[in-house]
Amino acid sequence: MTMSYCKLNGTSFDVNIAISAYKRKLNILHGESAGRVLSGTMILDPLGAYLGREITFFRKGNNYAALDALWDFLVAHSMDKNGVLLEAADGQSTISYEAYYTSASRKLRRVYNGVNYWDALDVNFIPMDPQVTP
């Protein structure tokens, strides 16, 4: 199933979001007090839980330009210290949070008359702030 809703920093992208390839990620960040003691017991010091998303974006029909625009946006904003505001379809609702991305990847689909046509785009978004705190 695909949905058509994605905005980054308020900019809309005319792409499909692949819910079937959509992954929710839970990362828990611990503080300096976390670690193993001499007895071997693990001491936890949770600072917060970060509910990130790994999203696969597809082009709509032959609209390669929209997917290329999304890639260009990600490259252009890859060094932004404030991350990006992610707004996207999420099942029956939407998500919206400040995030940074650790990776993005694309596979070459074909080359025709010297033009590269790229396939889907995978992006791993991680929230800037925890959604769950102790």
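Reader: How many salt bridges does a search of the whole structure find?

Author: The search finds 3 salt bridges, the term denoting a side-chain nitrogen of Lys or Arg within 4 Å of a carboxyl oxygen of Asp or Glu. The model is a predicted one, in which local features need pLDDT of at least 70, side-chain atom pairs count only at pLDDT 80 or more, and totals for chains, interfaces and linings use all residues. Residues are numbered from 1 along each chain as its sequence is written, and side-chain values use heavy atoms, with hydrogens and water left out.

Reader: What makes Glu54 and Lys25 a salt bridge?

Author: The closest N and O atoms of Glu54 and Lys25 are 3.1 Å apart, and the cut-off is 4 Å. Glu54 belongs to strand β7 (residues 46–59) and Lys25 to strand β4 (residues 15–30), so the pair ties together parts that are 29 residues apart in sequence. Helices (H or I, at least four residues) and strands (E, at least two) are DSSP runs, numbered from the N terminus.

Reader: Which parts does the pair Asp68 and Arg106 tie together?

Author: Asp68 and Arg106 form a salt bridge with their closest N and O atoms 3.1 Å apart. Because Asp68 lies in helix α1 (residues 64–76) and Arg106 in strand β9 (residues 93–112), the pair ties together parts that are 38 residues apart in sequence.

Reader: Why is Arg106 called buried?

Author: Buried means under 20% relative accessible area, exposed over 50%, and partly exposed in between, with a 1.4 Å probe and protein chains only. Arg106 has 17% relative accessibility and therefore counts as buried. Asp68, with a relative accessible area of 27%, is partly exposed.

Reader: How do you know that Asp119 forms a salt bridge with Arg109?

Author: The closest N and O atoms of Asp119 and Arg109 are 3.6 Å apart, and the definition asks for a distance within 4 Å. Asp119 lies in strand β10 (residues 115–127) and Arg109 in strand β9, so the pair ties together parts that are 10 residues apart in sequence. Asp119, at 22% relative accessibility, counts as partly exposed; Arg109 is also partly exposed, with a relative accessible area of 45%.

Reader: How many helices and strands does the chain have?

Author: The chain has 1 helix and 10 strands, in the order β-β-β-β-β-β-β-α-β-β-β along the sequence.

Reader: Why is the chain said to be more spread out than a compact globule?

Author: The radius of gyration is taken over C-alpha atoms, and the globule rule is 2.2 Å times the number of residues to the power 0.38. For 134 residues the rule gives 14 Å, whereas the chain has 18 Å, well over that value, so the chain is more spread out than a compact globule. Along its principal axes the C-alpha trace spans about 65 × 30 × 30 Å.
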